[in-house]
Amino acid sequence: MTRVSGLMASITAAALLAVMSSVASAEMISQKTISYFQIGGRTAEDLDRELERHGPFTKSTGSRHPGATEIKFGGELTYVESNGRCSIGSIKVTLETRIILPSWKNRRKADRDLGLIWDTLSRDIKRHEERHAEIARQHARKLESALQRLRPQRNCDIMQDKVAEATAKSVEAHDSDQIRFDRVESANFENRMLRLLQYRLSRQSR
C-alpha cells in the first residue's frame, strides 16, 4: 500500500473572559470520541483506493487521509481586580478530540494474508491518531500551567493581552509538535509496517 499518515484538523482556541471576584483555581477538561468511515474492496489495491477516496479530508493538507484527529481547544477564564491590580481568578481549559478511523466492511471475508495486512495497518492508524490526541492533551495541560503562572498586572486589559499571548504561544507549540510527529511517522512508515507484519507473522506461526 502507499504511505499513509493522519493529520490533525485545524485548531480553534477560544477564551471566554469576564471580570469577577473568584478564588484562584484551574482545571483541564478533556473529551475524546471515536467515529468510523466505511470502506469496501477485496484486494490491497482496492483498500488503497478506498482509503484515498473515502478517508477524512483535512484543510491543512488539502487531501484525504486514512485517519484523522479533529482537535478543538476552548475554555473559560475569570479575572479578579483587587488593590489596583488585576490577576487571574479561575481557569478552565477544555479540549475536544474526535478520532476518525477506517472500518473495512469485507474484513470477515478476507483471506489470511490480506486480513493480516489490514489488521496491522488499521491498528497502526489508530495508534497514530491516538498519539495526536495525546499530544493535544499534553499541550492543554501546558496551557493551563502557563496561565496559572501569569503574574498580576496593573489592569485587566494588560492581563487579557498576557492571556492572549500565552494562548497563542501554546497553540503554536502544539501545531509544531503535531507536524513534527507526522513528519517522523511518515518517514518511518514503511520500516514500521514491515516490522509489525513480521512480528504478527511470527506470533501466528507459534
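The model is predicted: local features need pLDDT of at least 70, side-chain atom pairs count only at pLDDT 80 or more, and totals for chains, interfaces and linings use all residues. Residues are numbered from 1 along each chain as its sequence is written, and side-chain values use heavy atoms, with hydrogens and water left out.

**Overall make-up**
- The chain has four helices and seven strands, taken from DSSP runs (helices: H or I, at least four residues; strands: E, at least two) numbered from the N terminus.
- Their order from the N terminus is β-β-β-α-β-β-β-β-α-α-α.
- Of the 206 residues, 43% count as buried, meaning under 20% relative accessible area with a 1.4 Å probe, protein chains only.
- Among contacts (heavy atoms within 4.5 Å) with a separation of 6 or more, 77% join residues 24 or more positions apart.
- The accessible surface is about 12,000 Å², and carbon and sulfur atoms hold 47% of this surface; the area comes from the Shrake-Rupley method with a 1.4 Å probe.

**Confidence**
- The mean pLDDT (the predictor's confidence in each residue, from 0 to 100) is 84 for the chain, and 84% of residues reach 70 or more.
- By element, the lowest mean pLDDT is that of strand β1 (residues 7-8), at 25, and the highest is that of β7, at 96.
- Residues 1-24 have pLDDT below 50, and this stretch has 86 contacts in the model beyond near neighbours in sequence.
- Where pLDDT is low, predicted coordinates should not be read in detail.

**Helices α1 and α2**
- The axes of α1 (residues 44-54) and α2 (residues 112-148) come within 11 Å and cross at roughly 30°; axes are lines fitted to C-alpha atoms over the stretch in contact, with angles from 0 to 180 degrees between N-to-C directions.
- The two helices are therefore roughly parallel to each other, a term for angles under 35 degrees.
- Ala44, Leu47 and Leu51 of α1 meet Leu114, Trp118 and Leu121 of α2.
- By class, this contact has six nonpolar, no polar and no charged residues.
- The buried residues of α1 are Asp46, Leu47, Asp48, Glu50 and Leu51; they pack against β3 (25-39), β7 (85-104) and α2.

**Gly115**
- Gly115 lies in helix α2 and counts as buried because its relative accessibility is 1%.
- Its C-alpha atom is separated by 9.8 Å from that of Ala44, 71 residues apart along the chain.
- Leaving aside neighbours within four places in sequence, Gly115 is in contact with Arg107 and Ala110.

Conventions
Angles under 35 degrees count as roughly parallel, over 145 as roughly antiparallel, 65 to 115 as roughly perpendicular and the rest as oblique. Ala, Val, Leu, Ile, Met, Phe, Trp, Tyr, Cys and Pro count as nonpolar, Asp, Glu, Lys and Arg as charged, and the others, Gly among them, as polar. Buried means under 20% relative accessible area, exposed over 50%, partly exposed in between (1.4 Å probe, protein chains only).
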